[in-house]
Amino acid sequence: MAGGAVTCAPCPCCGEMVAMRHEGGTQTNDRTSPWVFVDHLRDDERGGVATRQPCPGSGKNEWEGEHTL
Ligand SMILES: [Zn+2]
């Protein structure tokens, strides 16, 4: 990202570019980023049929998305 606030990033869960929202508060390290992915859907192909399901990355910051799923 070239300067300024991050407003979207690739979701570690679905790999798509997803908008971020600021939840308020301050960041003390990578794990506590207040920037979280907005609620979004991803393709779920379990059972051989692709359906759009809520992505587990919704509401998580990048660290949480990478380490808690
Ligand atoms: Zn996602």
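Visitor: Which residue in S3 is the bridge partner of histidine 22?

Guide: This is a predicted model, in which local features need pLDDT of at least 70 and side-chain atom pairs count only at pLDDT 80 or more, while totals for chains, interfaces and linings use all residues. Residues are numbered from 1 along each chain as its sequence is written, and side-chain values use heavy atoms, with hydrogens and water left out. Strands (E, at least two residues) and helices (H or I, at least four) are DSSP runs numbered from the N terminus. Histidine 22 has its bridge partner in S3, and that partner is tryptophan 35.

Visitor: How many bridges join S2 to S3?

Guide: Two strands pair if DSSP finds at least two bridges between them. S2 and S3 run antiparallel, and the bridges that join them number three.

Visitor: What is the order of the strands in the open sheet?

Guide: The sheet has three strands with antiparallel pairing. S1 and S3 each pair on one side only, as edge strands.

Visitor: Is serine 33 buried or exposed?

Guide: Serine 33 is placed in the loop between S2 and S3. A polar atom of its side chain lies 3.1 Å from the backbone nitrogen of tryptophan 35. Buried means under 20% relative accessible area, exposed over 50%, and partly exposed in between (1.4 Å probe, protein chains only). Because its relative accessible area is 16%, serine 33 is buried.

Visitor: Which arrangement do the four donor atoms around the zinc ion have?

Guide: Donors are N, O and S atoms within 2.8 Å of the metal (3.2 Å for Na, K and Ca); water is not among the atoms, so sites may look incomplete. Cys11 (SG), Cys14 (SG), His40 (NE2) and Cys55 (SG) coordinate the zinc ion at 2.1 to 2.4 Å. Four donors count as tetrahedral if all angles lie between 85 and 135 degrees. Because the angles here are 99 to 120°, the arrangement is tetrahedral.

Visitor: How many residues apart in sequence are the parts tied together by cysteine 11 and histidine 40?

Guide: Along the chain, the donors of the zinc ion follow the spacing C-x2-C-x25-H-x14-C. Cysteine 11 lies in the loop between strand S1 (8-10) and strand S2 (17-22), and histidine 40 in the loop between strand S3 (35-37) and strand S4 (41-44), so the parts that the pair ties together are apart in sequence by 29 residues.

How values were computed: Tetrahedral: all angles 85-135°; square planar, octahedral: opposite > 155°, others 65-115°. Polar contact = N/O pair within 3.5 Å; in protein donor to acceptor, adjacent residues only side chain to side chain.
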